[in-house]
Amino acid sequence: MVVGFAAVTAIGCVLLMLPISAHSGEPTALIPALFTAVSAVCVTGLVVVDTPTHWSGFGEAVILGLIQIGGLGVMVLASLLALLVARRLGLRLQLSALTETKALGLGDVRQVIIGVIKLSLAVELVVAVLLTARFSFGYHESLGDAAYLGLFHAVSAYNNAGFALFSDNLIGFATDPWICVPIMAAVIIGGLGYPVIHEILRRHLRRGRRWSLHTRITLLTYGVLLIVGFVGVTLSEWRNPETLGRMDLHHKLLVGFFHGVMPRTAGFNSLDLAHFEPTTLLVNDVLMFIGGGSGGTAGGIKVTTFALLAFVILAEIRGEPSVHVLDRRLPGQVQRQALTVALLGVGAVMTATLILLAMTSFRLDDVLFETVSAFGTVGLSTGITAKIPEAGQLVLVALMFVGRLGPITMASALALRERPRRYELPEERPVVG
């Protein structure tokens, strides 16, 4: 998986460096091209050059292709290609595809892969049609331009990428529900993950069957975090004259909910984040670090990881010998995995934050927001991305890459092999707390 994503990134970087990819007709330097390619493949949305003014139509098409490949997954697309060409899948490809989609068994690999593709294309098509209609009839764009804008933003939204073809992202459409609502819907569906959406549709057709523990945890936690994001952002910015302060009530609620959804790693913004209150930035930091659902297009440590850690803490406080979650017992291995993902994520973010603070003179609020956004593959920024030195931008590149593939995937790739323990040492309990 690491090699696959790196290869796609390298190809994208080379294409973006070509003179045809820039409006000016001049080759783009290595660092901006690499940063943009990684940001697109990792469906992040952070940029060091303005997308609509720097990149040509060809460059934007390259970015759109990288977003689609990164969102669907390199291994999923490789598996689909193998199905089309050879009508069979090797075990290695099957395992890689299942790892990337977070599927649970080898019995229905082909159905999983085809299902991921169908769901993605269906959601993107519906959202693209809605946005095309709005751009055409509401903003008097030609049908061709409206279709292009609709398709680009639909793909970017479903894949939680946050790339926009407007220099101010979506600030110009902040109070337009016909633009914001379809984009929010695509972000939520993509962020929930294919396993959850597939199970919801399957259980709907087969009534009476119970949702799995993963689906119940994802839906419950995702819903709670959406409410927390909406309430946190709306209340924090309610009186801020630079953000929500001057808006009508219904516009405040729309924009507040939009910015409550976007930290699910989408990266679109309809307000200038540089004017956000410190409280709002901190709320966004937490939500971006948690991210969305497993097996989806969102990043972060994932809502299931966050929820499982909460249940572990609750069981420990109660003094219970095992962890029970929604009428099910949680295996010890899953608890260790959740703890590992969370702590590796914290370590990655803190290391990058310390490096960038040493390199720049930006405030801690801005730098922490930037690093969490990169790790969570969110793409939201207070406007400092392009001002960070190139060495610091390479730090963000590494952080986006780790955030997209996942800390455990990267750590496993570096470790190269599992180490079975052949013996156990005597047990001794240190003092905790």
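## A pocket to start with

How much space lies in the second largest pocket? The answer is about 550 Å³. Keep in mind as you explore that this is a predicted model.

A total of 31 residues line this pocket, and those nearest its centre are Val47, Ser167, Asn169, Asn269 and Ser381. Sorted by class, the lining is made of 15 nonpolar, 12 polar and four charged residues.

## A closer look at asparagine 269

Asparagine 269 is one of the residues nearest the centre of that pocket. You can find asparagine 269 in the loop that runs between helix H12 (249–261) and helix H13 (278–290). Its relative accessible area is 14%, so asparagine 269 counts as buried, the limit being under 20%. The side chain of asparagine 269 also reaches the backbone oxygen of leucine 271, at 2.8 Å.

## Charged partners

Let's turn to charges. Side chains of opposite charge can pair when their charged atoms come close. How many salt bridges does the structure hold? There are three.

One of them joins arginine 134 and aspartate 176, with 3.0 Å between the closest N and O atoms. This pair links distant parts of the chain, 42 residues apart: arginine 134 sits in helix H7 (residues 109–139), while aspartate 176 is in the loop between helix H8 (143–158) and helix H9 (177–192). Arginine 134 is partly exposed, at 26% relative accessible area, whereas aspartate 176 is buried, at 5%.

Another salt bridge brings together the side chains of aspartate 366 and arginine 363, at 3.1 Å from N to O. Here aspartate 366 is buried, with a relative accessible area of 11%, and arginine 363 is partly exposed, at 45%. Arginine 318 and glutamate 320 also meet in a salt bridge, at 3.8 Å from N to O. Arginine 318 counts as exposed, with 56% relative accessibility, and glutamate 320 is partly exposed, at 34%.

## A buried charge without a salt bridge

Now look at glutamate 60, which lies in helix H4 (residues 57–72). Glutamate 60 is buried but has no salt bridge. Which side chain of opposite charge is nearest to glutamate 60? That is arginine 134, and it is 20 Å away. The side chain of glutamate 60 does make a polar contact of 2.5 Å with the side chain of tyrosine 148.

## One more stop: methionine 350

Methionine 350 is part of helix H15 (residues 332–359). Methionine 350 is partly exposed, with a relative accessible area of 40%. The C-alpha atoms of methionine 350 and leucine 368 are separated by 8.1 Å, and these residues are 18 residues apart along the chain.

Methods. Residues are numbered from 1 along each chain as its sequence is written. This is a predicted model: local features need pLDDT of at least 70, side-chain atom pairs count only at pLDDT 80 or more; totals for chains, interfaces and linings use all residues. Side-chain values use heavy atoms; hydrogens and water are left out. On a 1 Å grid over the protein atoms alone, a cavity is a set of points where a 1.4 Å probe fits but cannot get out, and a pocket is an open set with protein on both sides within 12 Å along at least five of seven lines; lining residues have an atom within 4 Å of a point. Grid points are joined across faces, edges and corners, and a volume is the space filled by probe spheres set on the points. Ala, Val, Leu, Ile, Met, Phe, Trp, Tyr, Cys and Pro count as nonpolar, Asp, Glu, Lys and Arg as charged, and the others, Gly among them, as polar. Helices (H or I, at least four residues) and strands (E, at least two) are DSSP runs, numbered from the N terminus. Buried means under 20% relative accessible area, exposed over 50%, partly exposed in between (1.4 Å probe, protein chains only). Lys and Arg count as positive and Asp and Glu as negative; His and the chain ends are not counted. A salt bridge is a side-chain nitrogen of Lys or Arg within 4 Å of a carboxyl oxygen of Asp or Glu. A polar contact is a pair of N or O atoms within 3.5 Å; within protein, one must be able to donate a hydrogen and the other to accept it, and residues adjacent in sequence count only if both atoms are side-chain atoms.
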